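Let's go through this model together in a few questions and answers. Here it is for you to look at.

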Amino acid sequence: MEALKGVRILDMTHVQAGPTCSQLLAWMGADVIKFEPPQGDATRGQLRDIPGADSLYFTMLNCNKRSITVNMKSPQGKEVFVDLLKECDIVMENFGPGVLDRLGFTWEKIHAINPRVVMGSIKGFGSTGPYAEFKAYENVAQAMGGAMSTTGTLDGTPFVTGAQIGDSGTGLHLAIGLLAALHQRDRTGKGQYVEVAMMDGVMNLCRVKWRDHQRLTRQSLAEYSVPTKVGMGDVPRAGNDSGGGQLGNAIHCKPHGPNDYIYVVVQEAVWANLANLIGPALGLPELAGDPKFANIGERRNNQQEMWALITKFAANHTKREFMAILNPLDVPCGPIMSTSDLANDEHIRGREMYVELEDEKRGKWWNVGMPIKLSASPAKIKRAPFLGEHNDDVLKNVLGYNESKVSAMREAGAFEVSRKT
Ligand SMILES: CC(C)(COP(=O)(O)OP(=O)(O)OC[C@H]1O[C@@H](n2cnc3c(N)ncnc32)[C@H](O)[C@@H]1OP(=O)(O)O)[C@@H](O)C(=O)NCCC(=O)NCCS
């Protein structure tokens, strides 16, 4: 049995942050009904690569869901929403501030309609505070949650990270909150409002930077490769520094293309092994005993020289070869994997982290798989729904509407933007 079998979700989410969460819950077995405006989630048409097919932006975030189109700006559409609300365990949204309230559905009203329903809400900055009224996208959240000011190099502009910590990261946070609230609901009979702000989620993922922010009031950050001093205030951008107690860096390898790097952590325990490998090869047989690198403190002080030596050694090896050399020495390391590297990686395929799907409009396509592996109920990934594909199914089988009711509602504009609304 799937872990969330029997849990039904009214999923009003769009774009990336909310759909990340509902897709995960669908992969755990929840019945997710994607409740879309008649024109559909805007991402269906964004970054489209095949005419007439939903974009990968949409399909990769909406697998295993059913799609129903409802015009919430019509009275009949609101009626469908209320009826569905009564049949669901969770309702979730990530509209701009105040959208659901303007449609007439505050949390208080939703709670009154179905006291058992758990409501999940993602906002850029939450529902309280000076920023509450602002919309947000991924990079806005990365900017305001502390990620950008701490990513990049000291002398360059702040950088966003490729990992979608603002959108997908917030979706993960919401999933945890919803499951906790569902667990509580099962004991108390009462649903609650679960809110995650993207800015808060990014801050949470930058936790180690707040560790360093406070350390800076008492000490410099010896492990940073850029200068730091007590009282300097802001945590600086520090390139590819490891961010923890061990030294780390990205090392360029043969044939020196843009992704021919390997990240190497010079853990205290492995320095002697590493020095005994690269020292003799570089004509420095005494490297392991060199006082400049005798302990982690000395290696921190002389880390640029140490990285130069490791880079010189790496120049004769590809990133995969260097990994194969370092693994038996127990040196924590990882080649910088490009998207092509990952798409063709045996380990990734074996773990079902890049899965093949097919649908009649797009043909074959690939999705990133389910990263949470449940031993008793592994995810079975199914294609994303076409727009409104399950209108009849949901209206008749979930809500029990008969054909004449569906027709009357359709005529009244419940499922499309009609002349009457
Ligand atoms: C992402 C975001 C910036 C997009 O902004 P947007 O395209 O202007 O969309 P909004 O959510 O503000 O508004 C949606 C509109 O569609 C309407 N709508 C949504 N579902 C509808 C339905 N089923 N039927 C009819 N109308 C519907 C809403 O009523 C609203 O209209 P209004 O502006 O007249 O009130 C915004 O939704 C947002 O800030 N969300 C919260 C943060 C977030 O999740 N961001 C990350 C996205 S990956």
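For what follows, Ala, Val, Leu, Ile, Met, Phe, Trp, Tyr, Cys and Pro count as nonpolar, Asp, Glu, Lys and Arg as charged, and the others, Gly among them, as polar. Residues are numbered from 1 along each chain as its sequence is written. This is a predicted model, in which local features need pLDDT of at least 70 and side-chain atom pairs count only at pLDDT 80 or more, while totals for chains, interfaces and linings use all residues.

Q: How many nonpolar, polar and charged residues does the shell around the ligand have?
A: Of the 21 residues around the ligand, Val-15, Pro-37, Asn-94, Gly-96 and Lys-135 come nearest; a residue is near if its C-beta atom, placed from the backbone, lies within 6 Å of the molecule. Helix 4 (99-102) and strand 5 each contribute at least two residues to this shell; helices (H or I, at least four residues) and strands (E, at least two) are DSSP runs, numbered from the N terminus. By class, the shell has 11 nonpolar, 5 polar and 5 charged residues.

Q: What is the strand order of the open sheet of 6 strands?
A: Strands of a sheet pair through backbone hydrogen bonds, either parallel or antiparallel. Here, strand 2 (residues 31-36) pairs with strand 3 in the parallel sense over 5 bridges, where pairing requires that DSSP finds at least two bridges between two strands. The open sheet has parallel pairing and the order 3-2-1-4-5-6.

Q: Which strands are the edge strands of that sheet?
A: An edge strand here pairs on one side only.

Q: At what angle does helix 8 run to strand 6?
A: Helix 8 (residues 198-205) lies across strand 5 (118-123) and strand 6. Axes are lines fitted to C-alpha atoms, for helices over the stretch in contact (C-beta atoms, placed from the backbone, within 7 Å), and angles run from 0 to 180 degrees between N-to-C directions. On that scale, helix 8 runs to strand 6 at about 65 degrees.

Q: Which residues have the most contacts inside the largest nonpolar core?
A: A nonpolar core is a set of buried Ala, Val, Leu, Ile, Met, Phe, Trp, Tyr and Cys residues joined through C-beta atoms within 7 Å. A residue is buried if 20 or more other C-beta atoms lie within 10 Å of its own, exposed if 12 or fewer, and partly exposed in between. The largest core has 66 residues, and those with the most contacts inside it are Ile-9, Leu-25, Ile-90 and Val-91.

Q: Why does Gln-303 count as buried?
A: Gln-303 lies in helix 12 (residues 303-314). Beyond its neighbours within four places in sequence, Gln-303 is in contact with Ser-225 and Leu-247. Gln-303 counts as buried because its C-beta neighbours inside 10 Å number 20.

Q: Is Asn-64 buried or exposed?
A: Asn-64 sits in the loop between helix 2 (56-59) and strand 3. Asn-64 has a positive phi of about 60 degrees although it is not a glycine. With 23 other C-beta atoms within 10 Å, Asn-64 is buried.

Q: Which peptide bond is cis?
A: Most residues other than glycine have a negative phi, and most peptide bonds are trans. Pro-255 is placed in the loop between strand 7 (247-252) and strand 8 (261-266). The cis bond, with omega near 0 degrees, runs from Lys-254 to Pro-255.

Note on methods:
Two residues are in contact if their C-beta atoms, placed from the backbone, lie within 7 Å.
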